[in-house]
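Reader: Please take a close look at one part of this chain and describe its surroundings. Then connect that part to other sites worth checking by eye.

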Amino acid sequence: MVCSANICRSPMAQGLMRRELAALGLDRFVGVDSAGTQVPRPGHRPDPRARQVAESHGASIRKFKARRIVADDFQRFDYIIAMDRDNLRSLEAICPEEYKNKLFLIMEFAPRSDLEEVPDPYFGNLSGFERVLGLLEAGCKGLLNHIMARHGFTL
């Protein structure tokens, strides 16, 4: 899961995806991490508003630490999920050609949404974080369904 600073959207998406995987007993098989394309303060914890909203929905993110995406991530992960087009472009610019098929927007997995991107809630209020959480839940559930179908997981 990738956003800009790795303190709002991507850690929320990481926490939601982990919550969904654990609920289905798939957390032993599928790993999730998050990173940012422009991390000014590596090691910084998620925004308090992101923590509050995520935790109110059963996704603890308080122990996550911001990190910048690194070259090894493109090989290591099967999916590199961007929150918006700016971050997708940043990923495309640094991703080796052989791994570009791993790059997606999170909202590609939320077919019932008219939105293509998850807006950055950082400069807004708590209701913006709530809205983002709803979008991320839809994207994460769709991504999980995609992973289950593509990789043969059955319940």
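Author: S113 is partly exposed, with a relative accessible area of 24% (buried means under 20%, exposed over 50%, partly exposed in between, using a 1.4 Å probe and protein chains only). The model is predicted, so local features need pLDDT of at least 70 and side-chain atom pairs count only at pLDDT 80 or more, while totals for chains, interfaces and linings use all residues. Residues are numbered from 1 along each chain as its sequence is written, and side-chain values use heavy atoms, with hydrogens and water left out.

S113 sits in the loop between β4 (103–105) and α5 (helices are DSSP runs of H or I with at least four residues, strands are runs of E with at least two, and numbering starts at the N terminus). Leaving out residues up to four places away in sequence, S113 touches M107 and L135 (contact means heavy atoms within 4.5 Å). L135 is 22 residues from S113 along the chain, and their C-alpha atoms are 8.2 Å apart. The S113 side chain also reaches the backbone nitrogen of L115 at 3.0 Å.

Of its 23 lining residues, the closest to the centre are G31, V32, F77, D78 and Y79. The lining divides into 15 nonpolar, 3 polar and 5 charged residues (Ala, Val, Leu, Ile, Met, Phe, Trp, Tyr, Cys and Pro count as nonpolar, Asp, Glu, Lys and Arg as charged, and the others, Gly among them, as polar).

C140 is buried at 1% relative accessible area. Its sulfur is 12 Å from the closest cysteine sulfur, that of C3, which is too far for a bond. The count of disulfides is 0 (a disulfide is a pair of cysteine sulfur atoms within 2.5 Å). C8 is likewise in none, and the nearest cysteine sulfur to it, again in C3, is 6.7 Å away. C8 is buried too, at 3%.

The loop between β1 (2–3) and α1 (9–23) holds S4 and N6. S4 contacts R9, G36, T37, Q38, V39 and N87, neighbours within four places aside. A polar contact of 3.3 Å joins the side chains of S4 and N87 (a polar contact is a pair of N or O atoms within 3.5 Å; within protein one must be able to donate a hydrogen and the other to accept it, and sequence-adjacent residues count only if both atoms are side-chain atoms). T37, in the loop between β2 (35–36) and α2 (48–56), makes a side-chain polar contact with N87 at 2.5 Å. T37 is buried at 10%. N6 is buried at 2% and has a phi near 60°, a positive value. Most residues other than glycine have a negative phi.

Key
1 Å grid on protein atoms, 1.4 Å probe; cavity = no way out; pocket = protein on both sides within 12 Å on 5 of 7 lines; lining within 4 Å.
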